[in-house]
Amino acid sequence: MTEPLLRVEHLVKYFNLGPAFSRSPSIVHAVDGVSLEVGKSETLAIVGESGCGKSTLGRLIMRLINPTSGSIRYEGTELASLSGRNLLPFRRKLQIIFQDPYGSLNPRMTVQETLTDLLYIHNIASGAEARARVGELLETVALPASSAKRYPHEFSGGQRQRIGIARALAVGPSIIVCDEAVSALDVSVQAQIVNLLEDIQERFGIGYVFISHDLTVVRHMADRVAVMYLGRIIEQGETEQIFARPRHPYTRALLDVIPVPGGSRDLERPLLKGEIPSPVAPPPGCHFNPRCAFATDRCRSEPPALEPTGEGLVACHRWREIAEWVEPAKLTRASDQRLEKLQSRFNVSREAGRASPS
Amino acid sequence: MPAVRGVSFDVEQGKCLGIVGESGSGKSVTSLALMGLLPPGRASLVEGEIRFAGRDLRKLAPAKMRRLCGSELAMVFQEPMTSLNPAFTVGDQIMEVVMTHEGVPARIARARALELLREVRIAAPERRLDDYPHSMSGGMRQRVMIAIALACRPRLLIADEPTTALDVTVQAQIMELLRVLQGEYGMSIILISHNLGVISEIADDIAVMYAGRIVERSSAQRLFDQPEHPYTVGLLGAIPSPGRERLASIKGRVPDLNALPSGCTFEPRCPFAEQKCREIDPALAPVEPGHFSACLRAPLEQLT
């Protein structure tokens with residue numbers, strides 16, 4: 001098997017929340033043995049509710065925080081053990097887009113200063129060459145060239161996210177971690193950014209690690225999906241399979257509650273009870289057992305391993321039985337020709353590479 | 001600066017009206033105006049009529065309005081942590097509402113608070129009654145907010161983005177709770193959200209707001225099946241759905257309320273706009289009985 005662009009194996013991150021030097025440390029298993037891989041032009045979505053460890057995973061992949069154990073390999077090179085100067089060349093290859101671009105842009109620097117600084121630090125370009133590169137980047141994310149001289153506060157949320165994308169693209173990455181990159185945006189702006197991310201992927205062949213809690217966007221964007229619960233991946237597979245034939249009871253529950261405009265939830269289907277438990281004291285056995293309608297004594301004592309189902313991977317002792325009992329929710333809504341025709345009049349053309357005022 | 005311009009709607013007894021719109025569309029200002037919560041004085045001028053059960057709320061004396069708010073009209077906000085007082089237990093905060101509006105002694109109010117926590121399906125309510133808001137999860141805090149809103153069995157509940165900050169599974173629980181409680185109490189709900197999916201869960205009727213106006217209003221089913229305003233069409237197309245290769249993107253962004261375009265406010269972003277749209281600002285007009293659209297080109301049938 002050829003080496004994928006990014007391969008993460010048995011990645012673990014523990015945080016000690018207790019007081020320093022305490023005899024009884026309070027350990028959070030934020031990421032607990034996660035393995036995944038991402039290839040060129042591929043989108044792997046990491047989904048889960050708040051506290052499941054998906055953002056920590058993104059930060060680990062970026063080496064913004066150091067893993068407790070495990071391996072992160074980029075084109076075969078181990079990054080987990082690298083530090084400082086040795087890591088710098090790989091920082092160019094792995095980039096991240098955050099949920100709140102305003103928090104990740106220096107308010108006292110113009111867009112041009114932010115971007116040229118970056119090009120200079122990574123030894124990519126300086127002077128007039130850097131300024132020309134900034135122009136290209138702004139064009140790629142469809143911002144007017146005049147934006148270069150403006151400060152972050154002068155932009156709307158959607159435009160700031162475009163700047164965040166330009167910042168990530170500036171160093172020519174192969175992998176971009178999108179951490180809830182479109183979650184805070186209004187629907188119409190979200191659509192613009194989703195389209196832009198897709199265009200950029202097509203143009204530059206970038207692999208995305210798309211971290212999101214929004215399953216409708218994930219279904220649209222992702223090639224493969226990994227579902228996380230309390231630090232562990234509990235199901236992984238092709239997007240089509242995850243949405244049509246989810247195997248884990250938690251994945252099913254997540255799909256059951258996607259609000260579909262114009263279609264209402266099937267009231268016969270019981271809702272998932274309770275909320276995600278505290279990661280400081282996760283339930284023994286399968287972490288999901290207290291909320292699971294199918295849990296048995298085995299589930300309460302023995303943690304299930306991620307095992308192949310023939311289509312994907314699932315960590316559930318009872319997935320085979322459950323698959324026979326319960327049909328997954330139907331999420332589709334009949335398409336309507338009149339509506340589709342009307343919608344086709346909106347701007348559905350490719351955006352990247354061509355400046356259009358926004 | 002007009003934040004909301006000429007908005008009219010009505011909510012029937014026991015029904016739910018969903019108000020949908022993006023940020024800056026004026027949906028929250030509308031709800032605050034209904035509750036009389038906008039700061040009085042020159043900063044905000046509210047004009048028009050708000051009739052509740054036959055009375056014009058804007059003509060009521062402040063003391064009367066205060067009595068009405070919380071007893072017959074109640075509101076649930078997006079961020080329960082900023083609406084709950086961190087220095088008091090949730091029990092105290094529910095009791096305060098009951099004691100203020102019903103004038104009952106503390107002992108009875110406490111029993112009522114316990115009952116309310118049970119009604120909003122909080123597990124082990126006896127233990128939770130003396131908890132402070134910070135020790136509760138987001139979903140549980142929102143349940144407490146709903147308990148406070150329901151304390152006096154209101155006839156109209158205004159819920160402004162009640163689930164926006166919550167996880168999807170918790171969001172579904174809260175929406176389910178609102179749906180069940182609406183049935184039990186027979187109350188009307190105005191649900192404000194930017195998420196058409198959430199609105200679709202319980203709304204009987206939907207009003208779509210854009211730049212301070214209602215641009216389309218109809219029954220929920222009809223709005224999804226046959227939208228008659230280009231903005232609604234674009235919004236529906238911007239939501240990812242299976243089999244949709246490319247999302248419809250409405251070009252540009254919501255206009256600045258200080259510099260609204262002449263003619264139709266959606267015209268600069270509208271793919272169906274023509275000359276007359278730049279000149280005439282269309283009013284909300286019926287396309288069919290019960291279905292209103294503020295578009296000169298409606299019905300959009302001819303444009304497909």
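Helix 7 of chain B is largely enclosed by the rest of the structure, because 12 of its 13 residues are buried. In this predicted model, the buried set of that helix runs through Gly139(B), Met140(B), Arg141(B), Gln142(B), Arg143(B), Val144(B), Met145(B), Ile146(B), Ala147(B), Ile148(B), Ala149(B) and Leu150(B). The cover over these residues includes, within chain B, strand 4 (73–76) and strand 5 (156–160), together with helix 3 (80–83), helix 4 (90–102), helix 5 (106–119) and helix 8 (168–185).

Chain B as a whole contains 12 helices and 10 strands. Its C-alpha atoms fill a box of roughly 70 × 50 × 35 Å along the principal axes. For 304 residues, a compact globule would have a radius of gyration near 19 Å, and the 21 Å of chain B agrees with this. Of the 304 residues in chain B, 45% are buried. Among contacts in chain B with a separation of 6 or more, 62% join residues 24 or more positions apart.

Between the chains, 45 residues of chain A are in contact with 45 residues of chain B. On the side of chain A that touches chain B, at least two residues each are supplied by helix 6 (187–204), helix 7 (215–221), helix 9 (249–256) and helix 12 (337–343) of chain A. Helix 6 of chain A provides the largest share, eight residues. By residue class, this side of chain A comprises 18 nonpolar, 17 polar and 10 charged residues.

Methods:
Residues are numbered from 1 along each chain as its sequence is written. Chains are lettered from A and ligands numbered from 1 in the order in which they are written. This is a predicted model: local features need pLDDT of at least 70, side-chain atom pairs count only at pLDDT 80 or more; totals for chains, interfaces and linings use all residues. A residue is buried if 20 or more other C-beta atoms lie within 10 Å of its own, exposed if 12 or fewer, and partly exposed in between; C-beta atoms are placed from the backbone. Helices (H or I, at least four residues) and strands (E, at least two) are DSSP runs, numbered from the N terminus. Two residues are in contact if their C-beta atoms, placed from the backbone, lie within 7 Å. Ala, Val, Leu, Ile, Met, Phe, Trp, Tyr, Cys and Pro count as nonpolar, Asp, Glu, Lys and Arg as charged, and the others, Gly among them, as polar. The radius of gyration is taken over C-alpha atoms; the globule rule is 2.2 Å times the number of residues to the power 0.38.
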